[in-house]
Amino acid sequence: MDLQHCHNVDDLRARARRRLPAPLFHYIDGGADDEWTLRHNTQAFDDWNLLPSILRDVSRIDLSTRVLGCDLELPFFLAPTGMSRLFHHDKELGAARAAHRYGTLYSLSTLGTTSLEDVAQVPGPKMFQVYIHRDRGLTLEFAQRCKAAGYAALCLTVDTPLAGNRERDRRTGMIMPPRLGLRSLLSFAASPHWAWHWLRDPDFRLANVVHRVDALAGGAMGLIDYVNSQLDRSVSWRDAEWLRAQWDGPLVIKGIGTASDARQALAVGADAVMISNHGGRQLDGTPAPIEALPAMREAVGTRLELIVDGGVRRGTHVLKALALGANACSIGRGYLYGLAAGGQAGVERALHLLREELLRDMALLGCTRIDELGRAQVRRRDGRTDVEV
Ligand code: FNR
């Protein structure tokens, strides 16, 4: 199945599965423990019905919106995800170029395989995602480098004081950078396209941290070992406040799921929250972002922008999130499957499919602009008016 025959995100996932060595596919696809949260993030969208208004003039649909101080042509953007070089040699640059072509924001992870300065060369708005490392100087350096490189926003991920329990990675022997061994030989041989580029360009360094974190300069290590040895478990709201003082642009806190933590984010001066459980990769059993959204919107009113991050695979998912009060959605696996399936062209395919779905769904719902979406267009299927978090 080539990219043109991928008709939805699931088709891109199937193509990614065929093209990637098994450990890398499962690294994208997997979650923590029993993967209940991973599944539930998407399934929870089914708790809501969409209620169309008929006989509206829907001949022109405008998907543009403003979020994090950026004018975007789409109400969804690319979530920060680490190590894109693992999945395709187009890596972060390919994804950033695709985002630019579709008029949306690209988020670069601390654990990216391209430097934030190189990504900044691609036109279009960028956000940099920060993990607070034990080496606090590194975090400060990120803020300064992002300012110099013209990043639109900074995003602090707070759901990863330590790594979640990703059993698929243990079973497949996932390590960074990938190494040829007895275990990996078969899966590398089954992915000749990927293996060819792995041999030609084996630079898998974590480009933004490698100059300060010795552990990465040398041999391969488990990702879990990296997170557990380098990230700081003592990180607290005081660190969020400290980061706020270092950065005068929009600050996003990513990884919040309750109304009380959203209020706290507001109190430390955040501009936006990404409602997120890290795509089900951290604490299994947490609510889906779409479930957490209504109570959080009620708690913070319009003082915080809220981004639904997790489980989005369809245009209707974006519609439901916006109708329930989100300012935008962010998409992780939805674009990573595209990257693995075909590099930049695969990410563009993912964005194209989601945009076409959203355009069609808006028209069928009877809405022509994002700001027309609201609670009148959604109803819980079980008749409850809201969800307590
Ligand atoms: C992630 N995510 C993530 N988040 C983050 O803040 N920093 C990171 O480095 C990463 N890395 C990462 C790698 C991979 C392979 C995945 C799948 C995810 C989480 C990501 O930003 C986002 O929260 C989830 O992907 C959202 O869920 P969906 O869209 O994948 O369902």
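**Note on the predicted model**

1. C70 counts as buried, at 8% relative accessibility. The structure is a predicted model, and the points below should be read with that in mind. C70 takes part in no disulfide. Its nearest cysteine sulfur belongs to C155 and is 13 Å away.

2. C146 also counts as buried, because its relative accessibility is 0%. C146 is in no disulfide either. For C146 the nearest cysteine sulfur is again that of C155, 11 Å away. The disulfide count for the model comes to zero. A pair would need its sulfur atoms within 2.5 Å.

3. Now the ligand. G311 places a backbone N or O atom 2.8 Å from a ligand oxygen. G332 also uses a backbone N or O atom, at 2.9 Å from an oxygen atom of the ligand. R313 uses its side chain: a polar atom there lies 3.1 Å from a ligand oxygen. Taken alone, the ligand exposes 600 Å², and the protein buries 98% of that.

4. Helix 1 spans residues 9-19. Which of its residues are buried? They are V9, D11, L12, R15 and A16. Seen down the helix axis, these fall within an arc of 155°, so they line one face of helix 1. Note that D11 and R15 are on that list of buried residues. The cover over them and the other buried residues of the helix includes helix 2 (22-29) and helix 16 (333-365).

5. The N-terminal end of helix 1 is capped by N8. A side-chain oxygen of N8 sits 3.1 Å from the backbone nitrogen of D10.

6. Helix 4 covers residues 91-101. Its buried residues are K91, E92, G94, A95, A96, A98 and A99. What do they pack against? The partners are strand 4 (76-78), strand 5 (106-109), helix 5 (116-120), strand 6 (126-130) and helix 16. After helix 4 comes G103, with a positive phi near 70°.

7. L68 deserves a look at its backbone. Its phi is positive, about 55°, although L68 is not a glycine. The residue is in the loop between strand 2 (65-67) and strand 3 (70-72). Is L68 buried or exposed? L68 is buried, because its relative accessible area is 4%, and the cut-off for buried is under 20%.

8. H278 is another non-glycine residue with positive phi, near 65°. H278 lies in the loop between strand 9 (272-276) and helix 14 (289-300). With a relative accessible area of 13%, H278 is buried. Both backbones, that of L68 and that of H278, can be inspected directly in the model.

9. Last, D239. This residue is found in helix 12, residues 237-246. D239 counts as buried because its relative accessibility is 10%. What does D239 touch, leaving aside neighbours within four places in sequence? D239 is in contact with I132, R136 and S234.

Conventions
Residues numbered from 1 in each chain as written. Predicted model: local features only at pLDDT ≥ 70, side-chain atom pairs only at ≥ 80, totals over all residues. Heavy atoms only, no water. Buried < 20%, exposed > 50% of the residue type's maximum accessible area, 1.4 Å probe, protein only. Helix = DSSP H or I, 4+ residues; strand = E, 2+ residues; numbered from the N terminus. Arc of directions from axis to C-beta. Contact = heavy atoms within 4.5 Å. Polar contact = N/O pair within 3.5 Å; in protein donor to acceptor, adjacent residues only side chain to side chain. Areas by Shrake-Rupley, 256 points an atom, 1.4 Å probe, with all protein chains shown as cover.
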